[in-house]
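Hi everyone, thanks for coming. Please take a look at the chain on the screen, and then I'll walk you through a few places in it.

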Amino acid sequence: MGRKRGFDETTVLDVVRDRFWTTGFVGTSTYDLMDATGLGKGSIYKAFGNKNDLYVRVFSDYCQGLVAQAREELRDGPHAVLTSPMARLERYVVSLADAFATESPRRGCFLTKGTADRAGEDDMVAATARRAFEDLAGALASALRDAQDAGEVAEHADATTLGYLLLSVIRGIDNMAKAGVDATTLRQTAQSALDLIPRADAPYVRR
């Protein structure tokens, strides 16, 4: 039998992610990670690989969690918080703007930061970020198709294109929030993007 680890892997990875999230890849040394986790270099390397391996691991885990959360909040189903697909979509987009605006300190989303920080230098990070963006846009597009089926969004609307539009606005709001743009402006920007979605002539009828 292998020797049991003397630490909780999930806790260590959370600490590592938060350190990278705060100070970036270049700004975080292996000694910083040792100090943050309380582990020696040998223990870190044996369990997780080198600094780059660790970054890719925590970035990938974060992206998977982000996508899963989006799908859960946007999907239709018996346990959906809101029956109206459009109401779920609006709540999701506006709540992100509010979250970015009220966060203190405003460090934003790790997907946004990691993409800017490492995608140009690391093919694995770039591929992970691209897949996350595709999945997030897909989740938004799926919600829009649900809204079309419910008679809330015009049938001629291109859900895929609108999904990427909303995703681009969300990512932009994230960056603006980190620069200190006020909460009212961020929320209005999110709402304006939602207002661009072509609505169906017939009102939504709850069934």
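**A cavity between helices**

Let's start inside: α4 (51-74), α5 (85-102), α7 and α8 (159-178) each give at least two residues to the lining of the largest cavity. A quick word on where this comes from: the model is predicted, local features need pLDDT of at least 70, side-chain atom pairs count only at pLDDT 80 or more, and totals for chains, interfaces and linings use all residues. Residues are numbered from 1 along each chain as its sequence is written, and side-chain values use heavy atoms, with hydrogens and water left out.

Grid points are joined across faces, edges and corners, and the volume is the space filled by probe spheres set on the points.

How many cavities of 30 Å³ or more does the count give? It gives one, and the largest cavity has a volume of about 50 Å³. Its lining is made of A70, L74, Y92, L96, L136, L140, L167, I170 and R171. Helix α8 supplies the largest share, three residues. By class, eight lining residues are nonpolar, none is polar and one is charged. Here Ala, Val, Leu, Ile, Met, Phe, Trp, Tyr, Cys and Pro count as nonpolar, Asp, Glu, Lys and Arg as charged, and the others, Gly among them, as polar.

Now to R171, which sits in helix α8. Is R171 buried or exposed? With a relative accessible area of 13%, R171 is buried; buried means under 20%, exposed over 50%, and partly exposed in between, using a 1.4 Å probe and protein chains only. Not counting residues up to four places away in sequence, R171 touches L66, C109, L111, T112 and F133, where contact means heavy atoms within 4.5 Å. R171 and T112 are 59 residues apart in sequence, yet 6.9 Å apart in space, C-alpha to C-alpha.

Another arginine, R88, is found in helix α5. R88 is buried too, as its relative accessible area is 3%.

Next, T128 in helix α7 (residues 123-149). T128 counts as buried because its relative accessibility is 6%. Leaving aside neighbours within four places in sequence, T128 is in contact with F59, S60 and C63.

Let's move to helix α2 (residues 30-37), whose buried residues are T30, L33 and T37. They lie on the same side of α2, because they cover an arc of only 55° around the axis; the arc is that of the directions from the helix axis to the C-beta atoms. On the other side of α2, Y31 and D35 are exposed. The buried residues of α2 pack against α1 (9-23), α3 (41-48) and α4. After α2 comes G38, with a positive phi near 80°.

One last stop is the peptide bond from S104 to P105: it is cis, with omega near -5°. P105 is in the loop between α5 and α6 (110-118).

Methods. Helices (H or I, at least four residues) and strands (E, at least two) are DSSP runs, numbered from the N terminus. On a 1 Å grid over the protein atoms alone, a cavity is a set of points where a 1.4 Å probe fits but cannot get out, and a pocket is an open set with protein on both sides within 12 Å along at least five of seven lines; lining residues have an atom within 4 Å of a point.
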